[in-house]
Amino acid sequence: MKANKPSLILFFLALLCTIIFDCTQQDFFALYAKAVVLPAIFIYFLISNEFKIGKTESLIFLFCFIGQVFDLMDVEVSEIGGVICFLAVYLLLIKLFVQDHEKIKLAKKDILPVSIVIIFIVYLLVSVLSLQFDNMKKFNFLYTFYGIVLGVLSFFSFVNYITKGTHIALLMSLMAISYIFSDIFYIFNEYFSYSVVLVLIRDITQILAYFFMVEYFLENAKIHKKPLYNN
């Protein structure tokens, strides 16, 4: 067994336990299962990447960890603390995309799908932000900025996949989709009455977002190593 496999198995085991405990409404045990997710995927990343980690990736993991702690604590400042942490994560991911990827060049055949992507992102942004519930009224600007940043992140991811169709672009898109659904269903859980299905979708997509994010980091690291081996 490869050195990175136990941590990956632990990650998916934590995902499975989260699903089971969410379905059975065992919130206490689900809390502990979710607490294992991020450390497990972080260890998997470190071992897979030969214990090398960049400053940006370090900050992303740090803010993910702090954001998850806010989520698990569920105290008065948890919501705003979580929003700020994941806003920082999305901004750092955009920074990585801009640094590590070539400028997007659109061909004529790409104009229609890219237009559909833009309309879809704007529609989601407007629809979700239009939900008026009490704890959003204080922080309208922050939530709006958060939505715009996530929209930009999604735009970069989807357009990269449309124009290039590479494996790393697919990972970027899957990560963006997971974060979008995680945030949307987080809001739905606040706006609507308690539903096991809503909680389940929120938790699964958030956990899968971590997985696709780490796979993106690893694939990005491989791509940057190739020129060194070719010289």
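**Reading a helical chain**

Modeller: In this predicted model, buried residues make up 45% of the 231 residues in the protein chain. The accessible surface comes to about 12,600 Å², and 70% of that area belongs to carbon and sulfur atoms.

Biologist: How many helices and strands are there in the protein chain?

Modeller: The protein chain has eight helices and zero strands. Of the contacts between residues at least 6 apart in sequence, 75% join residues at least 24 apart.

Biologist: How do I read the packing of two helices?

Modeller: Two packed helices are described by the angle between their axes and the distance between the axes. Here, helix 2 (residues 27-48) packs with helix 3 (residues 55-73) at an angle of about 175 degrees, and their axes are 10 Å apart. Angles over 145 degrees count as roughly antiparallel, so helix 2 and helix 3 are roughly antiparallel to each other.

Biologist: Which residues of helix 2 and helix 3 make the contact?

Modeller: Helix 2 contributes Leu31, Lys34, Ala35, Val37, Leu38, Phe42 and Phe45, while helix 3 contributes Phe61, Cys64, Phe65, Gln68 and Leu72. These residues divide into 10 nonpolar, one polar and one charged.

Biologist: Now a single residue. Is Ser157 buried or exposed?

Modeller: Buried means under 20% relative accessible area. Ser157 has 0% relative accessibility, so Ser157 counts as buried. Ser157 belongs to helix 6 (residues 140-164).

Biologist: What does Ser157 touch?

Modeller: Leaving out residues up to four places away in sequence, Ser157 touches Phe97, Ala169, Met172, Ser173 and Ala176.

How values were computed. Residues are numbered from 1 along each chain as its sequence is written. This is a predicted model: local features need pLDDT of at least 70, side-chain atom pairs count only at pLDDT 80 or more; totals for chains, interfaces and linings use all residues. Side-chain values use heavy atoms; hydrogens and water are left out. Axes are lines fitted to C-alpha atoms, for helices over the stretch in contact, and angles run from 0 to 180 degrees between N-to-C directions. Helices (H or I, at least four residues) and strands (E, at least two) are DSSP runs, numbered from the N terminus. Angles under 35 degrees count as roughly parallel, over 145 as roughly antiparallel, 65 to 115 as roughly perpendicular and the rest as oblique. Contact means heavy atoms within 4.5 Å. Ala, Val, Leu, Ile, Met, Phe, Trp, Tyr, Cys and Pro count as nonpolar, Asp, Glu, Lys and Arg as charged, and the others, Gly among them, as polar. Buried means under 20% relative accessible area, exposed over 50%, partly exposed in between (1.4 Å probe, protein chains only). Accessible areas come from the Shrake-Rupley method with a 1.4 Å probe; for residues, only the protein chains shown count as cover.
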